[in-house]
Amino acid sequence: MEKEVNRVTLSYASYLAQVESRIQAACERSGRDRSELQVIAVTKYIEAPEAQQLITLGMHHLGENRWQQARAKWESIGGQAVWHFIGHLQTNKVKDVVGRFSYIHSMDRTSLLEAVQKQAEKLDIQVNVFLQLNVSGEESKYGMPPEQLFAFAKAASVCKNINMTGLMTMAPYETDPERTRPVFRSLRKLRDELNEASILPNPVQHLSMGMSNDFEVAVEEGATWLRLGSVLLGR
Ligand SMILES: *Cc1c(COP(=O)(O)O)cnc(C)c1O
């Protein structure tokens, strides 16, 4: 049993090292400082003991896209990590997620914003929120249409328990990751336009973009949070 865990740790360490050197190289290509971005280890494919190994290797930000899948992990190792909710969030799950996840990356509608604000106020906490935008216009993707960004920001600016920290998007899967570049570039442009409009009390800094298939392009286009699953776990 112990042997098994050691083997897993060893391979996670080597996957992490490979990902790290690819991030470093993308930073160098684009003149960015590595300290500008952070990695969220997406643990939806694995159980608590493996997630624990990632924490031991220094990954302190964990991402999950469903409360049902996250629950057992959160209950056993929750206190050792900062949790990011990255999947579509149903309103009836808000009470499970708010208070446990410090960041919600999948904010995609005003009704959800109001539900999160209400629960956060009840618990007297601040919740960090990324607005998920459907930049590519793909029908199958969740996310708010970019045209609604300013209206959403206005609504968020009066929510006392919401800290709007950035924008999030998912690029369509491409066999050639280079083709995701326009999506990431658009998200950055939308962030800059939002800040120029001065709707929020503070400028939003962050861009949550880049997954296993396309993270290097996302780094080159200004990502500050990468959400990485399969590439970290060797899948
Ligand atoms: C699963 C998931 C990821 C990680 O995907 P990988 O391709 O395995 O890196 C990132 N973001 C979201 C929203 C996800 O659901």
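Guide: What follows describes the ligand site and then turns to an aromatic pair. The model is predicted. The ligand sits in the largest pocket. Around the ligand are Val 42, Lys 44, Tyr 45, Asn 65, Ile 86, Met 170, Met 211, Ser 212, Arg 227, Leu 228, Gly 229 and Ser 230. By class, this shell comprises 6 nonpolar, 4 polar and 2 charged residues.

Ser 212 has a side-chain N or O atom 2.5 Å from an oxygen atom of the ligand. For Lys 44, a polar side-chain atom is found 2.8 Å from a ligand oxygen atom. Arg 227, in turn, places a side-chain N or O atom 2.9 Å from a nitrogen atom of the ligand. Of the 390 Å² of accessible area that the ligand has on its own, the protein covers 91%.

As for aromatic rings, the whole structure contains 6 aromatic pairs. One of them joins Phe 85 and Phe 101 in an edge-to-face arrangement, with 5.3 Å from centre to centre and 85° between the planes. Phe 85 belongs to strand 3 (residues 82–85), whereas Phe 101 lies in the loop between helix 4 (94–97) and strand 4 (103–107), so the pair ties together parts that are 16 residues apart in sequence.

Technical notes
Residues are numbered from 1 along each chain as its sequence is written. This is a predicted model: local features need pLDDT of at least 70, side-chain atom pairs count only at pLDDT 80 or more; totals for chains, interfaces and linings use all residues. Side-chain values use heavy atoms; hydrogens and water are left out. A residue is near a molecule or strand if one of its heavy atoms lies within 4 Å of it. A polar contact is a pair of N or O atoms within 3.5 Å; within protein, one must be able to donate a hydrogen and the other to accept it, and residues adjacent in sequence count only if both atoms are side-chain atoms. Accessible areas come from the Shrake-Rupley method with a 1.4 Å probe; for residues, only the protein chains shown count as cover. On a 1 Å grid over the protein atoms alone, a cavity is a set of points where a 1.4 Å probe fits but cannot get out, and a pocket is an open set with protein on both sides within 12 Å along at least five of seven lines; lining residues have an atom within 4 Å of a point. A molecule sits in a cavity or pocket if more than half of its atoms lie within 2 Å of its grid points. Ala, Val, Leu, Ile, Met, Phe, Trp, Tyr, Cys and Pro count as nonpolar, Asp, Glu, Lys and Arg as charged, and the others, Gly among them, as polar. Rings of Phe, Tyr and Trp (its six-membered ring) pair if their centres lie within 6.5 Å; planes under 30 degrees apart count as stacked, over 60 as edge-to-face and the rest as tilted. Helices (H or I, at least four residues) and strands (E, at least two) are DSSP runs, numbered from the N terminus.
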